[in-house]
Amino acid sequence: LEQYGTIVGLRSMYEEASTVFRKLADLDTTSSEYARAAGHFFLRTQKLDYAIAEYERTVQRDPNDSETWERLADLYDNKGDAQKAAAAKKKIDELK
């Protein structure tokens with residue numbers, strides 16, 4: 001399933017890739033990798049709420065993932081959620 005998700009992602013079939021990686025993230029509850037990939041592909045399709053949800057799942061599983069915290073801070077800023085953006089930025093600073 002992971003290989004299929006990667007292939008459809010490389011073929012710019014982002015909707016399908018996001019669905020595949022979300023399913024993988026549901027199946028593997030310890031890895032942050034699949035949730036991060038799902039977030040990336042949701043972002044590519046401009047489904048920001050879904051991207052945020054997957055990135056939140058990513059940092060829940062790997063709180064030290066500074067790259068995902070940065071993406072979350074940007075997404076929260078874009079959505080106008082100053083409180084969550086500030087919290088994400090604070091976490092980024094803590095990780096430096």
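Q: How do helix 4 and helix 5 pack, and how far apart are their axes?
A: In this predicted model, helix 4, which covers residues 48-61, and helix 5, which covers residues 66-79, pack at an angle of about 145°, and their axes are 10 Å apart.

Q: Left-handed or right-handed crossing for helix 4 and helix 5?
A: Helix 4 and helix 5 cross in a left-handed way.

Q: Which residues meet there, between helix 4 and helix 5?
A: Helix 4 brings Leu 48, Asp 49, Ala 51, Ile 52, Tyr 55, Glu 56, Thr 58 and Val 59, and on the helix 5 side they meet Thr 68, Trp 69, Arg 71, Leu 72, Leu 75, Tyr 76 and Lys 79. By class, the residues of this contact between helix 4 and helix 5 comprise nine nonpolar, two polar and four charged.

Q: What about helix 2 and helix 4, where do their axes come and at what angle do they cross?
A: The axes of helix 2 (residues 14-27) and helix 4 come within 12 Å, crossing at roughly 30°. Because angles under 35 degrees count as roughly parallel, helix 2 is described as roughly parallel to helix 4. The crossing of helix 2 and helix 4 is left-handed.

Q: And which residues make that contact of helix 2 and helix 4?
A: Arg 22, Ala 25 and Asp 26 come from helix 2, while Tyr 50, Glu 54, Arg 57 and Arg 61 come from helix 4. The contact of helix 2 with helix 4 divides into two nonpolar, no polar and five charged residues.

Q: Which residues are in the contact of helix 1 and helix 2?
A: From helix 1 there are Glu 2, Tyr 4, Gly 5, Thr 6, Val 8 and Gly 9, and from helix 2 there are Tyr 14, Glu 16, Ala 17, Val 20, Phe 21 and Leu 24. The residues of the contact of helix 1 with helix 2 are seven nonpolar, three polar and two charged.

Q: Is Gly 5 buried or exposed?
A: Gly 5, which lies in helix 1, has a relative accessible area of 0%, so Gly 5 is buried. Not counting residues up to four places away in sequence, Gly 5 touches Ala 17, Val 20 and Phe 21.

Q: Which residues touch the most other members of the largest nonpolar core?
A: Phe 21, Trp 69, Leu 72 and Tyr 76 do, out of the 25 residues in that core. Helix 2, helix 3 (33-44), helix 4, helix 5 and helix 6 (82-95) each supply at least two residues of this core.

Q: Last topic: where does Lys 91 lie, and what is Lys 91 in contact with?
A: Lys 91 lies in helix 6, and, its neighbours within four places in sequence left aside, Lys 91 is in contact with Pro 63 and Trp 69. Lys 91 and Asn 64 are 27 residues apart in sequence, and their C-alpha atoms are 8.7 Å apart in space.

Technical notes. Residues are numbered from 1 along each chain as its sequence is written. This is a predicted model: local features need pLDDT of at least 70, side-chain atom pairs count only at pLDDT 80 or more; totals for chains, interfaces and linings use all residues. Side-chain values use heavy atoms; hydrogens and water are left out. Axes are lines fitted to C-alpha atoms, for helices over the stretch in contact, and angles run from 0 to 180 degrees between N-to-C directions. Helices (H or I, at least four residues) and strands (E, at least two) are DSSP runs, numbered from the N terminus. A crossing is left-handed if the near helix is turned anticlockwise from the far one by less than a right angle, and right-handed if clockwise. Contact means heavy atoms within 4.5 Å. Ala, Val, Leu, Ile, Met, Phe, Trp, Tyr, Cys and Pro count as nonpolar, Asp, Glu, Lys and Arg as charged, and the others, Gly among them, as polar. Angles under 35 degrees count as roughly parallel, over 145 as roughly antiparallel, 65 to 115 as roughly perpendicular and the rest as oblique. A nonpolar core is a set of buried Ala, Val, Leu, Ile, Met, Phe, Trp, Tyr and Cys residues joined through side-chain atoms within 4.5 Å. Buried means under 20% relative accessible area, exposed over 50%, partly exposed in between (1.4 Å probe, protein chains only).
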